[in-house]
Amino acid sequence: MTDNRKERTSPMSCRDISALVSESLDRPLSLSERLVLRTHLLFCRACNEYSRQIRLIEDFFRRTRTETDSLKERDHEEPVLPEESRRRITRRIEDEIRDHGPESHP
Amino acid sequence: MKEVVESDSRNTTDPVKWVEEHGDALYRFAYSFLKDKERSEDAVQETFLAAIRANDRFSERSSVKSWLFGILKHKIVDIIRQDARYVRPADWADDDPHFEDRFFNANGRWQTPPRTWEHPELTLENRQFWREMEGCLALLPPKTARIFFLKEMDGMSTEEICQETGSTTTTVWKALSRARMSLRACLERHGFGQE
């Protein structure tokens with residue numbers, strides 16, 4: 001296996017930079033990596049946009065995690081499981097238990 | 001405070017009671033992603049059924065509720081991934097050695113430089129954005145998608161993803177990089193961020 005990190009201190013192409021920008025979201029970059037990245041982003045509009053966009057996406061998912069997590073605790077808000085869905089699911093659960101549920105095990 | 005798991009009615013392991021206890025919360029959670037009654041109901045039902053089938057593996061260390069939500073997230077991801085609006089190039093697999101060649105020239109420069117996104121509103125409430133995002137997420141090859149969802153839906157660290165999937169850190173970082181690369185390109189290709 002090749003270590004694709006070893007040459008990253010020499011001048012890098014946009015292709016290499018895009019990987020480094022992404023990894024900066026997943027691990028702390030070394031000092032030299034940060035330097036190379038910052039220098040490249042100073043002069044490269046395309047990589048700047050790339051960096052901005054994947055951060056927007058990352059930020060979207062982070063916000064979504066927080067917002068949807070809080071939904072778990074708000075019990076009486078809309079939308080609620082519609083009554084007919086509730087009945088249908090309950091019937092399906094009862095079928096499942098009858099056919100394959102814990103009681104069918106010895 | 002002492003944890004009293006057994007006597008907590010909200011922690012019942014009786015599946016029939018789950019609908020009453022957790023149905024609304026699960027449904028609301030599913031609906032926030034799926035925006036659709038049928039798909040959300042499916043996700044909730046599939047969650048209960050999967051939980052029943054795995055009931056003996058339920059560990060009392062966690063609450064029934066968080067266990068059910070853990071299953072639900074996977075069901076939501078499954079449903080999102082069934083979205084077949086866009087077609088993945090047939091030769092794009094998880095281990096594609098030429099993935100980056102689709103985006104960069106031989107000299108390593110962008111083939112199509114990313115454009116400035118005007119007024120980017122990336123929220124679940126922005127239906128247009130989220131619809132595109134769903135279609136684009138469905139394009140990711142399976143392992144790449146799995147790693148991306150563990151990171152972004154479950155909020156796992158690289159180390160946790162490595163444990164969960166048996167991958168090396170390099171593999172995880174590469175998969176995340178490719179997922180981001182293709183998601184942003186897919187969004188832009190379908191008009192996101194352009195006036």
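Predicted model: local features only at pLDDT ≥ 70, side-chain atom pairs only at ≥ 80, totals over all residues.

Colleague: How many aromatic pairs does the structure hold over all chains?

Modeller: A pair of aromatic rings is described by the distance of the centres and the angle of the planes. Counted over all chains, the aromatic pairs come to 17.

Colleague: What is the angle between the planes of F60(A) and W130(B)?

Modeller: These two rings form an aromatic pair, with 5.7 Å from centre to centre. Planes under 30 degrees apart would be stacked and those over 60 edge-to-face. The F60(A) and W130(B) pair is tilted, and the angle between the planes is 45°.

Colleague: Why does the pair of F60(A) and W130(B) join two chains?

Modeller: F60(A) counts as buried at 0% relative accessibility, and W130(B) counts as buried at 2%. The pair joins two chains because F60(A) lies in helix α3 (residues 45-71) of chain A, while W130(B) lies in helix α4 (residues 127-137) of chain B.

Colleague: Which residues do ring pairs link into a cluster?

Modeller: F60(A) and W130(B) are both members.

Colleague: In the largest nonpolar core, which residues touch the most other members?

Modeller: In soluble globular proteins, nonpolar side chains tend to be buried together. The largest nonpolar core here has 84 residues. Those that touch the most other members are F48(B), I76(B), W130(B), M133(B) and L137(B).

Colleague: And which helix gives the most to this core?

Modeller: The helix in question covers residues 64-81 of chain B and gives ten residues to the core. The name to note is helix α3 of chain B.

Colleague: Which residues does F48(B) touch, leaving out those up to four places away in sequence?

Modeller: From chain A, F48(B) touches I89(A) and I93(A). From chain B, F48(B) touches W18(B), V19(B), G23(B), L26(B) and L68(B).

Colleague: Could we step back to chain B as a whole? How many helices and how many strands does chain B have?

Modeller: Along the sequence, chain B reads α-α-α-α-α-α-α. Of its 195 residues, 54% count as buried. The count for chain B is seven helices and zero strands.

Colleague: Among contacts in chain B between residues at least 6 apart in sequence, what percentage join residues at least 24 apart?

Modeller: This question is about contacts between residues at least 6 apart in the sequence of chain B. The share of these that join residues at least 24 apart is 70%.

Colleague: Now for charges. How many salt bridges are there over all chains?

Modeller: Side chains of opposite charge can pair when their charged atoms come close. One of the salt bridges joins E83(A) and R86(A), at 3.6 Å from N to O. Over all chains, the count comes to 26 salt bridges.

Colleague: D95(A) and R98(A) meet in a salt bridge; how are they placed in helix α4 of chain A?

Modeller: The N to O distance of this salt bridge is 3.0 Å. D95(A) is partly exposed at 31%, whereas R98(A) is exposed at 56%. Being three residues apart in helix α4 of chain A, they are separated by about one helical turn.

Colleague: Are E188(B) and R184(B), which meet in a salt bridge, buried or exposed?

Modeller: Their salt bridge is 2.9 Å from N to O, and both residues lie in helix α7 (residues 169-189) of chain B. The relative accessibility of E188(B) is 9%, so E188(B) counts as buried. At 3% relative accessibility, R184(B) counts as buried.

How values were computed
Residues numbered from 1 in each chain as written. Chains lettered and ligands numbered in written order. Heavy atoms only, no water. Phe/Tyr/Trp six-rings, centres within 6.5 Å; stacked < 30°, edge-to-face > 60°. Helix = DSSP H or I, 4+ residues; strand = E, 2+ residues; numbered from the N terminus. Buried < 20%, exposed > 50% of the residue type's maximum accessible area, 1.4 Å probe, protein only. Core = buried A, V, L, I, M, F, W, Y, C linked by side-chain atoms within 4.5 Å. Contact = heavy atoms within 4.5 Å. Salt bridge = Lys/Arg side-chain N within 4 Å of Asp/Glu carboxyl O.
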